[in-house]
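Here is a short report on one protein model. Look over the sequence and the structure first, then read on.

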Amino acid sequence: MGNAERECQKIFSNGDAYLGYFKGMLPHEKGKYTWSDGTVYEGDWEAGKMTGKGNIIWLSQAKYEGEFSGGYFHGFGTYIGSDGSVYKGSWKMNIQHGIGRKQYPNSDVYDGCWREGVRDGSGTYAWNSGNRYIGNWKKGNMSGRGVMKWFNGDVFDGFWLNGLRHGTGFYRFSDGSYYFGTWTKGLKDGPGTLYPSGSMHMSKRNLEEHECKRKKQLSYNFSKESGKSVIPKRSLSEKFSSSFMRGSIRLSRKNTTSLGDGDHHSNSARENLSHERSCAISHGIPDGQTEWTDDMTVACEREYIQGVLIKERVRNMSKLSRKSIHQFKFSNEVRNSSCMDIFDGQRSNYLMLGLQLGIRYTVGEITLVPMREVRSCDFGEQARIKMYFPRKGSQLTPTHHSMDFYWKDYCPMVFRKLRELFKLDAADYMMSICGGDGLKVLSSPGKSGSFFYISHDDKFVIKTLKTHELKVLLKMLPHYYDHVQAHDNTLITKFFGVHSIALGHRKKEHFVVTGNIFCTELRIHRRYDLKGSSHGRFTHKDDIDESTTLKDLDLKYEFYMDRSLRESLFSQLSLDSAFLESLQIIDYSLLLGLHFRAPEHLKSLLEPPHSLHNPERTTSVDGVISEGELLIPPKGLLLVTHEPTSVNTTPGPHIRGSSLKAYSIGNKEADLLLPGTGRLRVQLGVNMPAQATHKLAHDETDTSEVELFEVYDVILYLGVIDVLQEYNLKKKMECAFKSLKFDPITISAAEPKIYSKRFLSLIERIFPLHP
């Protein structure tokens with residue numbers, strides 16, 4: 001038996017017993033240990049720790065058979081709980097981790113990836129009711145892309161978040177009808193199209209081809225948290241060793257019954273399904289018809305807010321354009337990292353890989369430098385890190401699959417300090433941008449010709465810069481740094497890093513990393529880029545969808561908010577515009593995002609569409625007439641006193657500094673309570689509640705598409721963007737004379753002082769004082 005002594009038996013004063021081989025004073029090689037409570041381990045030992053293969057049986061009849069390491073379940077093994085649950089798969093330090101299959105006491109079965117004791121990765125969950133989910137899981141919940149099939153034949157194929165439908169997808173009903181649309185936390189939210197059973201455009205062949213293409217793209221992950229194993233992380237052998245050296249083994253039985261937690265996912269799944277069919281084909285059937293026929297060529301275009309139907313239009317599909325018919329085949333989704341058509345072929349992939357490699361290298365290097373105060377020498381184009389990344393690697397750089405490239409990181413010490421001021425952890429920053437999930441890219445460049453990458457978790461936007469924009473940014477950086485230090489609530493874009501890449505001997509590409517203002521916990525239903533101008537500031541109706549960024553003339557709302565919140569917003573925007581004016585910056589915008597909340601009192605699911613918009617009706621909430629009287633704060637959104645333990649206070653790339661105080665709660669720091677949803681921290685530009693009044697002109701009314709309500713509860717997200725355009729009168733005059741399209745008024749309006757006044761007048765116009 002190797003170096004072990006001969007087999008012998010030892011009985012301890014507490015009733016425990018060991019029969020097997022020893023090495024010195026410790027069990028080694030083969031042995032059997034019996035605790036006084038009846039728990040038995042038999043198998044391999046190494047220097048007093050259960051290591052190798054073995055099995056352990058508890059008094060409750062729970063048992064484990066498989067691999068051990070250092071006293072932990074570690075490797076491959078099978079655990080049978082006293083409740084009848086069975087897990088067979090990989091373990092890591094007493095926790096299910098890796099690939100494994102678990103059968104629960106109620107006969108539910110999960111087969112897939114585990115991480116730290118919960119389902120995480122790709123996998124399949126089959127309920128005893130007959131429901132089945134195949135797809136992605138995260139922290140025990142269905143999150144990511146996945147397909148759920150219910151026992152009655154209904155199918156949902158799309159995106160999930162924390163066990164609820166969230167994002168784009170389609171729902172196929174057992175009768176053959178389909179709904180293509182978007183969901184937010186389990187509720188229909190946004191535009192969608194319902195195709196009735198037998199629709200010509202939704203033939204069985206077309207749908208099979210569509211589903212086949214989508215299933216090829218599925219990357220898997222999963223639903224409700226299964227309850228972690230409560231086997232202690234302190235190993236059994238660890239207790240054994242310490243007790244043995246004291247002359248008495250006190251290795252007590254550990255009850256592992258909760259490993260078979262018996263999750264009731266079927267209940268969660270049924271909750272997801274509830275109300276789906278009840279509102280599936282409840283509206284929009286043409287007059288005189290009671291059911292859909294096989295040869296019908298109609299479809300219902302709908303729009304929902306938080307599960308409440310607010311618009312519906314029945315259309316003859318033969319008149320629809322091809323674009324309209326296929327609008328929900330995930331065309332609005334940001335595409336993943338292939339980007340083959342964005343620059344010139346494979347070059348886009350190389351740029352993306354270069355960005356990730358360069359940021360990982362320079363952020364890692366600068367993190368090792370002892371923290372110190374920023375100096376004047378840390379600013380300017382010469383304050384940079386330069387590195388060459390050959391494809392084969394070097395002593396300082398890894399091998400990679402991109403082309404050879406040259407990398408520059410501008411003002412690394414300054415941006416390190418800025419990330420610290422923004423309370424951004426360096427490791428989290430690198431994981432978001434440089435993680436294995438890669439970057440995503442917007443499907444088309446902006447008007448300026450810039451391209452935009454987005455981190456896989458949507459926290460960061462990486463934008464290409466023109467050379468003059470790079471120079472403006474580096475020139476303004478010292479002043480920007482001082483402004484951020486003085487005003488932690490600034491609404492100006494957060495800058496996290498500036499870089500350049502040259503692939504081989506090609507032209508350099510400049511990039512800036514910024515925070516994504518719209519990385520929020522709630523869905524953004526409308527987006528606006530506002531400059532306070534009317535010249536060309538509108539979007540053609542045919543080009544508008546939910547992902548479109550609209551302009552000044554498209555905004556039909558005024559926003560009323562709590563007095564103190566409004567004062568804080570005005571104060572900071574005045575400071576920010578004065579700062580930009582001092583730097584001769586022009587042409588910046590207010591980026592505004594709106595999340596609409598469905599009013600609690602809507603009855604659209606119970607009434608036909610034509611009865612919902614009756615000019616003679618007035619709606620009341622708890623006896624308060626809402627027509628003609630604005631409720632600030634809005635009735636459906638509650639401002640309550642801030643409680644740090646009740647809201648997420650983790651800093652993020654879109655989060656501003658301190659919490660805001662609200663007048664309506666006695667000028668105390670505020671949280672936003674969303675009835676039936678949750679509680680959010682109110683900060684400047686983030687989670688700001690307001691009431692939006694829709695200024696709808698009579699001539700805008702369309703009998704085929706009627707706006708049902710003119711007053712909305714909204715949550716605002718905003719920031720100041722496009723701050724890299726420096727005023728240059730000489731250049732403006734040259735453009736004016738060359739093109740003959742500029743008039744003197746346009747040129748004078750470009751002066752920074754006039755621009756800032758125009759910008760602030762825009763703010764006063766869309767955020768008026770409550771009368």
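Which residues of helix H7 (residues 426-434) are buried? They are Tyr-429, Ser-432, Ile-433 and Cys-434. These residues sit on the same side of H7, because they cover an arc of only 165° around the axis. The arc is taken over the directions from the helix axis to the C-beta atoms. At the start of H7, a side-chain oxygen of Asp-425 comes to within 3.0 Å of the backbone nitrogen of Ala-427.

This is a predicted model: local features need pLDDT of at least 70, side-chain atom pairs count only at pLDDT 80 or more, and totals for chains, interfaces and linings use all residues. Residues are numbered from 1 along each chain as its sequence is written, and side-chain values use heavy atoms, leaving out hydrogens and water.

Buried means under 20% relative accessible area, exposed over 50%, and partly exposed in between (1.4 Å probe, protein chains only).

| Residue | Relative accessibility | Class |
|---|---|---|
| Cys-113 | 18% | buried |
| Cys-377 | 53% | exposed |

The model has 0 disulfides. A disulfide is a pair of cysteine sulfur atoms within 2.5 Å.

Now the sheet. Helices (H or I, at least four residues) and strands (E, at least two) are DSSP runs, numbered from the N terminus. An open sheet of 6 strands has the order S29-S28-S31-S39-S38-S30, with mixed pairing. Its edge strands are S29 (549-550) and S30 (557-560), and each pairs on one side only. Two strands pair if DSSP finds at least two bridges between them. S30 and S38 (residues 688-694) run antiparallel, joined by 4 bridges. Phe-559 has Ala-692 in S38 as its bridge partner.

Definitions and conventions: Polar contact = N/O pair within 3.5 Å; in protein donor to acceptor, adjacent residues only side chain to side chain.
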